[in-house]
Amino acid sequence: MSLAETKSEKVAGWNRPPVVEPDGEGELLEVAMGPHHPSTHGVFRMDVALDGERVIRLKPVFGYLHRNHEKIAEGASYLASMPYTDRLDYFCSLTNNWAYALAVEKLSGQEVPERAEYIRVILAELTRIQNHASTIGFLLQEMGASGTPLMYAFREREKILDLFESLTGSRMMCNYMRFGGCRVDVSTAWLDATRKVVAGLPGFIDEFEALLTANEILMARCQGVGILKPDLAVNAGISGPMLRGSGVNYDIRKVDHYGIYDRFKFRVPLGDHGDIYDRYMVRVLEMRESIIILDQALRDIPAGPIMDPKAKIRGFRPKPGEAYGRIEAPKGELGFYLISDGGPNPYRYRVRPPSLINLTVLEDMCLGQNVADVVLIFGSVDIVLGEVDR
C-alpha cells in the first residue's frame with residue numbers, strides 16, 4: 001500500500017489529514033528521536049520522516065515503561081491498588097487517587113462526608129496548578145529558554161509539595177484518598193498554611209505572564225504551530241487543556257459535577273485557534289480559575305468527619321456489578337472502569353489515561369511542520385510516560 005493510500009484511510013473514527021508529499025528530489029531522512037532524547041518527558045521515541053526539515057510522517061513509539069498496572073490490580077485487593085495509582089501520572093498522584101476512589105465508590109455505593117469532599121477539591125486544584133506551571137516551564141525549556149521559567153514554576157511547585165508532604169507524608173506518592181473519604185484530616189495549621197500559599201499564587205502567575213505571554217520569541221514559535229482542529233479533537237477523544245485549547249467547551253467538573261464542583265463558581269477558558277499558544281494560554285487561565293475555586297473551598301470547608309462511618313477497610317467486597325468513575329485531571333479525562341464479581345479484588349480493572357489518548361493526534365499536529373517544532377508540539381500535549389505505558 002502506498003504512503004498516500006495509507007494516509008487516506010479512516011483511522012480511529014476520523015479522516016487522516018492528506019499526505020504531505022515530499023517536494024525535494026532527494027530521499028527522505030528518517031530520524032529516531034529517543035528513547036533517551038532529553039525532550040521526550042520520559043522513555044519515549046518518535047520515528048520521524050523528514051523532507052529537508054519538513055515532517056512527512058511521525059510515529060510515536062512507547063511501551064518502554066510498561067509495568068502491568070492493570071493486571072496487577074486484578075490480583076490485589078481494591079485498597080492495595082490505591083498506591084499503584086500514584087505511579088500513573090506521578091506529577092498528579094492525588095487526582096489519580098480521586099479518580100480511582102470515585103470509581104470504587106460508585107461500584108460500592110459509598111458516601112463521602114462533606115469535609116472530605118472539600119479536602120479532595122482543595123488537593124485537586126493545588127495539583128492542577130503545580131502541573132500546569134511545570135508543563136509551561138518544561139515547554140519553555142524545550143524552546144531554548146535558559147531554565148528561568150522552569151525554575152519559577154518549580155519554586156511554586158515546591159511550596160505546594162511541602163503542603164502535600166505535611167498532610168500525607170509524601171511529596172509525590174501520596175496514597176491519601178480512601179473509599180468513602182480521606183486517610184487523615186487536615187489541621188487548622190495546614191489550612192492556614194494553604195491559604196498563605198494560595199494568596200501568593202496570583203502574584204506568581206502575574207510574574208510568569210509578564211515574563212512569557214507577550215514574549216516575541218514564544219509568540220513566533222507557538223502561534224499557528226501544531227494546530228489541532230476541534231472536530232479532530234472531539235473525534236479522537238482528546239480531553240483537558242488540549243481539547244479546550246481547540247475551542248471545545250468541555251470540562252468534566254462542569255459536565256458531571258462530581259464531588260461538590262457544582263458549588264463553586266469558575267469559568268472554563270477556551271482557545272480560538274488550537275495552536276501551541278492557545279494550549280499555553282488555556283493552562284495559564286486554568287491556574288487562575290483554580291485559585292478562584294481554592295479561595296471558595298478554603299473559605300467554606302466545614303467541620304465534621306472525613307470518612308464514611310460505614311466504610312470498610314478490611315474485608316471490602318463490593319456487590320457484583322460495574323462502574324466507571326472519571327474526573328477532570330490536569331491532563332484531561334482520567335477514568336477507571338471496574339467490574340466486581342463479589343470478590344476481594346476487581347474482576348476487571350481498566351484505566352482511561354488522558355496522556356495516551358491525547359498522544360494519538362501527535363502526528364496530525366506535526367505533519368508539514370519543521371522538525372524544530374516537533375519538540376514544542378509534543379511538549380504542548382503534556383504527557384507522563386507512567387500513564388501512557390501503565
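The largest cavity holds about 50 Å³ of space. A cavity here is a set of points, on a 1 Å grid over the protein atoms alone, where a 1.4 Å probe fits but cannot get out. Grid points are joined across faces, edges and corners, and a volume is the space filled by probe spheres set on the points. The model is predicted: local features need pLDDT of at least 70, side-chain atom pairs count only at pLDDT 80 or more, and totals for chains, interfaces and linings use all residues. Residues are numbered from 1 along each chain as its sequence is written, and side-chain values use heavy atoms, with hydrogens and water left out.

Which residues line the largest cavity? They are Y90, F91, C92, S93, L94, T127, Q130, L161, F164, R171 and M172, each with an atom within 4 Å of a point. Helix 4 (93-108), helix 5 and helix 6 (148-168) each give two or more residues to this lining. Helices (H or I, at least four residues) and strands (E, at least two) are DSSP runs, numbered from the N terminus. By class, the lining has seven nonpolar, three polar and one charged residue. Ala, Val, Leu, Ile, Met, Phe, Trp, Tyr, Cys and Pro count as nonpolar; Asp, Glu, Lys and Arg count as charged; the others, Gly among them, count as polar.

The count comes to two cavities of 30 Å³ or more. The second largest cavity has a volume of about 40 Å³. Its lining is T135, I136, L139, R279, Y280, R283, G379 and S380. Helix 5, helix 12 and helix 15 each supply two or more of these residues. The classes are three nonpolar, three polar and two charged.

Now take helix 5 and helix 12 as a pair. The axes of helix 5 (residues 114-142) and helix 12 (residues 276-300) come within 9 Å and cross at roughly 155 degrees. Helix 5 is therefore roughly antiparallel to helix 12 (an angle over 145 degrees). Axes are lines fitted to C-alpha atoms, for helices over the stretch in contact, and angles run from 0 to 180 degrees between N-to-C directions. The crossing is left-handed: the near helix is turned anticlockwise from the far one by less than a right angle. The contact of helix 5 with helix 12 involves 17 nonpolar, three polar and five charged residues.

Helix 15 (residues 371-381) also carries I377.

Next come two loop residues. Most residues other than glycine have a negative phi. D382, in the loop between helix 15 and helix 16 (385-389), has a positive phi near 65 degrees. D382 is buried, at 6% relative accessibility. H257 has a positive phi near 50 degrees. H257 sits in the loop between helix 11 (252-255) and helix 12.

Finally, look at K312. K312 lies in the loop between helix 12 and strand 8 (321-329). At 53% relative accessibility, K312 is exposed (over 50%). K312 is among the residues that line the second largest pocket. A pocket is an open set of points with protein on both sides within 12 Å along at least five of seven lines. The second largest pocket has a volume of about 220 Å³.

Methods. Angles under 35 degrees count as roughly parallel, over 145 as roughly antiparallel, 65 to 115 as roughly perpendicular and the rest as oblique. Buried means under 20% relative accessible area, exposed over 50%, partly exposed in between (1.4 Å probe, protein chains only).
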